[in-house]
Amino acid sequence: MSEREGRMEPKIVSKEAFSVVGISIRAHIDKHDIPQLWAKLGSRVREIPHLVQPGVAYGLSTSFDPETGEFEYVAGFGVEHVEDLPEGMGSWDVPAATYAAFTCTLPTMPEAYKYAYETWLPESGYQRAHAYEFELYDEAFDNQNPDSEFAFYIPIVPSQAG
């Protein structure tokens with residue numbers, strides 16, 4: 001294993017259920033529509049009531065279609081409870097699950113996802129679970145700094161040997 005791959009080894013973590021309020025789009029892996037979504041949400045974050053941690057954001061992904069390259073993407077913030085949704089926003093409940101958490105930067109994100117799905121997951125003894133995959137941007141994350149790190153979480157369950 002290379003030094004770079006060793007640095008990409010995930011932490012296996014259990015996360016409690018949480019709720020996110022934000023904005024969703026049908027995104028495409030080859031388009032650059034997600035940064036515009038984050039900009040739109042950033043200008044409206046003060047409208048979201050009951051934030052758990054104002055500086056902590058989530059990017060939820062689900063419903064990936066390998067034939068079209070499209071998926072649902074949600075840019076949002078964790079909330080203590082869902083109430084009084086701002087116009088044009090929705091809520092998503094993320095159930096408790098076990099995840100493989102990979103740390104990367106925005107520039108290394110494509111390489112990290114490729115490693116996670118093409119190298120680590122097939123050799124890990126786990127398989128992807130049917131749940132939201134998400135990015136977690138904590139208070140230290142700075143989207144203007146290409147070296148700023150965040151983590152993406154892949155839901156996992158033990159592989160079914162067969």
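What follows is a set of questions and answers on this predicted model.

Trainee: How much space lies in the largest pocket, and how many residues line it?

Mentor: Start with the volume. The largest pocket holds about 1,300 Å³ of space. As for its lining, the number of residues is 37.

Trainee: Which residues lie nearest the centre of that pocket?

Mentor: Look first at the elements that supply the lining. H2 (34-42), S3 (57-65), S4 (70-79), H3 (109-123) and S8 (133-137) each give at least two residues. Nearest the centre lie Ile-34, Tyr-73, Met-109, Glu-135 and Tyr-137.

Trainee: Which element gives the largest share of the lining, and how many residues is that?

Mentor: Helix H2 spans residues 34-42. The largest share comes from H2, and the count is six residues.

Trainee: Which residues of strand S5 point to the buried face?

Mentor: In a regular strand, side chains alternate between the two faces of the sheet. S5 runs over residues 90-94 and its side chains alternate.

Trainee: In which sense do S2 and S5 pair, and which residue of S5 is the bridge partner of Val-20?

Mentor: S2 covers residues 18-28, and its pairing with S5 is antiparallel, over five bridges. For Val-20, the bridge partner in S5 is Trp-92.

Trainee: Is His-28 buried or exposed?

Mentor: His-28 belongs to strand S2. Its relative accessible area is 17%. The cut-off for buried is under 20%. Therefore His-28 counts as buried.

Trainee: Which residue has its backbone oxygen 2.7 Å from a polar side-chain atom of His-28?

Mentor: Set aside neighbours within four places in sequence. His-28 then contacts Asp-33, Thr-68, Gly-69, Glu-70 and Phe-71. The backbone oxygen at 2.7 Å belongs to Thr-68.

Trainee: What is the phi of His-50, and what is that of Asp-84?

Mentor: Most residues other than glycine have a negative phi. His-50 sits in the loop between H2 and S3, and Asp-84 in the loop between S4 and S5. Both have a positive phi: His-50 is near 65°, and Asp-84 is near 55°.

Trainee: Which accessibility class does His-50 fall in, and which does Asp-84?

Mentor: His-50 has a relative accessible area of 27%, so it is partly exposed. The cut-off for exposed is over 50%. At 58%, Asp-84 is exposed.

Trainee: What separates the C-alpha atoms of Ala-96 and Pro-155?

Mentor: Ala-96 lies in the loop between S5 and S6 (97-105). Beyond four places in sequence, Ala-96 touches Lys-15, Glu-16 and Ala-17. Pro-155 is 59 residues from Ala-96 along the chain, and their C-alpha atoms are separated by 9.8 Å.

Note on methods:
Residues are numbered from 1 along each chain as its sequence is written. This is a predicted model: local features need pLDDT of at least 70, side-chain atom pairs count only at pLDDT 80 or more; totals for chains, interfaces and linings use all residues. Side-chain values use heavy atoms; hydrogens and water are left out. On a 1 Å grid over the protein atoms alone, a cavity is a set of points where a 1.4 Å probe fits but cannot get out, and a pocket is an open set with protein on both sides within 12 Å along at least five of seven lines; lining residues have an atom within 4 Å of a point. Grid points are joined across faces, edges and corners, and a volume is the space filled by probe spheres set on the points. Helices (H or I, at least four residues) and strands (E, at least two) are DSSP runs, numbered from the N terminus. Buried means under 20% relative accessible area, exposed over 50%, partly exposed in between (1.4 Å probe, protein chains only). Two strands pair if DSSP finds at least two bridges between them. Contact means heavy atoms within 4.5 Å. A polar contact is a pair of N or O atoms within 3.5 Å; within protein, one must be able to donate a hydrogen and the other to accept it, and residues adjacent in sequence count only if both atoms are side-chain atoms.
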